[in-house]
Amino acid sequence: SAAIDNAADAIGVCLPQSGKLIFIRHFADYGASLEYTREYQIPVGSSIQSLARSFDGGYLFGLNRLNSSELIFIKTDSTGVRATCGYVDIPNTVSQKLDTRNTTSISSASSINYAAAAATITFSTSALAQQFNCKDTYCPPSPLDDTCLSTYYKALRSNSYTDFIDQYFLMKGNRQLAYTRRYDRILGGRTQETYGLKLFDERGNFIKGVKLFNNSVSTSFVTKKMDEQHIMVISHSVTTNIPSFTFTLLSDDLQEVWSKSIKTYPGYSFYSGGNNIADLIRDQEGNYYFVATSPGFFAKPKIIVYKMDNEGNELWMKLHEVEKGNFLNARAVTTNTSLIVVIEGGSPGTDTVRIDKTPGKMLDAFIFQNDGDGYIYDRLLAFEKDRIYYAGNAHDGRFVMGLFDTTGRPMKIKKIDGGSSNPRAGAVKSNEMYVQFGHWDGGLSTDILLKTDSNLNVLFANSFQKTKWGSAKGMGVSDEGNIYVGGNF
């Protein structure tokens with residue numbers, strides 16, 4: 001006997017003669033690889049009736065024992081592991097045939113005679129007795145609270161099919177805030193995406209979460225940390241070919257402070273390397289700067305800056321262009337008097353632009369040799385004690401560190417040799433830079449956690465085994481010197 005779940009991702013097969021239940025996990029797409037096959041011992045003669053994915057991401061099997069004398073329920077986690085009950089991994093051998101011609105078989109039908117007779121139905125009450133085959137129940141007790149806050153690696157699961165972190169921030173009191181995307185596959189083959197924010201304490205314990213909606217629809221957002229107690233949530237939409245942006249300021253307790261919307265103009269083409277938003281930052285006076293770029297492949301590259309006061313009201317919007325360069329990935333910081341934007345691009349290199357914060361006038365522009373390598377990797381740009389720290393990468397995939405003065409002029413550029421190294425998350429604390437990047441040397445993929453001093457001298461570079469498909473999505477360093485990293489595995 002066999003059963004399949006609603007999304008057709010899991011298959012359960014009973015072998016009643018040998019008392020075995022086979023669990024096959026395979027995402028419902030012909031191009032996906034078989035994930036795993038597990039084998040469990042069951043009473044001889046049992047048959048499977050149903051298989052369903054449970055609310056916590058695991059799987060629940062419903063079986064009948066021989067002669068239907070007992071009901072058997074088996075619960076596994078999302079990887080098919082049965083807590084303390086044991087299982088066997090079965091090596092997978094898969095063959096696949098595509099575009100195979102169908103063969104028509106000849107069949108015949110004949111009428112049969114049947115007679116209907118009255119029947120008597122009787123009902124009786126049955127008593128069900130519960131029994132566990134394992135010494136422990138499925139859910140283990142919570143671990144003791146570690147008040148010393150030692151180093152930890154904590155993985156959290158939700159009841160969604162997938163739930164991953166797009167952006168991660170360390171907030172006041174070492175609370176951790178994550179912008180997440182949940183993906184659910186539901187009955188009837190339908191799918192549903194839900195975007196939201198999750199708040200965790202310094203030990204990684206979940207505190208609360210909210211869902212994000214724009215005009216009653218949960219859609220993709222961009223989140224930026226403004227200070228230790230606020231983040232900005234930015235949504236982008238297009239109506240009658242005119243892009244619009246909505247800026248919503250939230251507290252670190254996930255409460256709305258204010259929300260403002262702006263409508264651009266026909267022909268607006270500042271796509272910032274593909275995600276429409278290059279950066280949004282806050283200066284020491286409480287003003288906000290929204291930055292976007294236009295690449296300049298067939299015209300001069302341009303940068304647009306929209307300045308708002310501390311309540312989101314428009315102060316000015318300025319458009320600047322430079323003579324050469326390709327404006328793709330951009331990050332911005334503010335000094336005491338200026339807005340500095342560092343923009344990775346193609347040939348001839350990376351640009352820096354300095355803009356006066358008060359009138360919005362462009363003061364300087366520099367270019368240095370470093371071609372970018374796509375916009376999917378995060379870049380770090382931070383200002384501290386008259387220095388601007390930068391972490392990015394080159395067109396050949398090498399990790400790049402940079403140091404700039406308060407005019408945006410490059411002071412020092414360093415590249416890491418030895419394979420592809422893409423930056424994933426970074427932070428600057430007490431004039432020291434911390435960066436985590438994925439490193440691939442052609443045969444081994446690892447995560448590197450690197451720390452430098454104020455002159456980009458490496459203080460340490462620790463290597464960690466990389467989790468499959470895993471990557472950091474944000475980093476923070478606490479006043480106590482602890483390094484916090486959040487992401488996916």
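# Legends to the close-up views

**View 1. Leu-60, Leu-71 and Phe-73 together form a nonpolar patch on the surface, with about 320 Å² of accessible area between them.** Patches are made of residues with over 30% relative accessible area and no salt bridge, like charges being joined within 9 Å and nonpolar side chains (Val, Leu, Ile, Met, Phe, Trp, Tyr) within 5 Å. Accessible areas come from the Shrake-Rupley method with a 1.4 Å probe, and for residues only the protein chains shown count as cover. Leu-71 belongs to strand 7 (residues 71–76), and it is exposed, with a relative accessible area of 54%. Here and below, buried means under 20% relative accessible area, exposed over 50%, and partly exposed in between (1.4 Å probe, protein chains only).

This is a predicted model, in which local features need pLDDT of at least 70 and side-chain atom pairs count only at pLDDT 80 or more, whereas totals for chains, interfaces and linings use all residues. Residues are numbered from 1 along each chain as its sequence is written, and side-chain values use heavy atoms, with hydrogens and water left out.

**View 2. Five strands make up an open antiparallel sheet in the order 1-2-3-4-8.** Strand 1 (2–4) and strand 8 (88–89) stand at the edges with a single partner strand each, so one side of each has no neighbour in the sheet. Helices (H or I, at least four residues) and strands (E, at least two) are DSSP runs numbered from the N terminus, and two strands pair if DSSP finds at least two bridges between them. Within the sheet, seven antiparallel bridges connect strand 3 (residues 20–26) with strand 4 (residues 34–41), and Ile-22 stands opposite Glu-39 of strand 4. Across the whole protein chain, the secondary structure comes to zero helices and 34 strands.

View 3. A salt bridge is a side-chain nitrogen of Lys or Arg within 4 Å of a carboxyl oxygen of Asp or Glu. Because Lys-20 lies in strand 3 and Glu-39 in strand 4, this pair ties together parts that are 19 residues apart in sequence. Lys-20 is partly exposed at 26% relative accessible area, while Glu-39, at 15%, counts as buried. The other salt bridge is formed by Asp-89 and Arg-38 (2.2 Å, N to O), which link strand 8 and strand 4 across 51 residues of the chain. In this pair Asp-89 is partly exposed, at 45%, and Arg-38 is buried, at 10%.

**View 4. Strand 9 (residues 162–170) and strand 10 (residues 176–185) pair in the antiparallel sense over eight bridges.** Five residues lie between the strands of this hairpin, and among them Gly-173 takes a positive phi near 70°. Asp-163 stands opposite Arg-182 in strand 10, and the side chains of Asp-163 and Arg-182 also meet in a salt bridge (3.7 Å, N to O). Asp-163 is partly exposed at 26% relative accessibility, as is Arg-182 at 22%. Salt bridges with shared partners join Asp-163, Arg-182 and Lys-198 into one network. Strand 10 is in turn joined by 10 bridges to strand 11 (residues 191–200), with which it runs antiparallel, and Ala-178 faces Lys-198 of strand 11.

**View 5. The largest nonpolar core holds 19 residues, and those with the most contacts inside it are Met-232, Ile-234, Phe-245, Phe-247, Leu-280, Tyr-288 and Phe-290.** A nonpolar core is a set of buried Ala, Val, Leu, Ile, Met, Phe, Trp, Tyr and Cys residues joined through side-chain atoms within 4.5 Å. Beyond its neighbours within four places in sequence, Leu-280 is in contact with residues including Met-226, Met-232, Phe-247 and Met-308, contact meaning heavy atoms within 4.5 Å. A second, separate core of 16 residues includes Ile-281, Trp-316, Ala-332 and Leu-339.

View 6. Most residues other than glycine have a negative phi.
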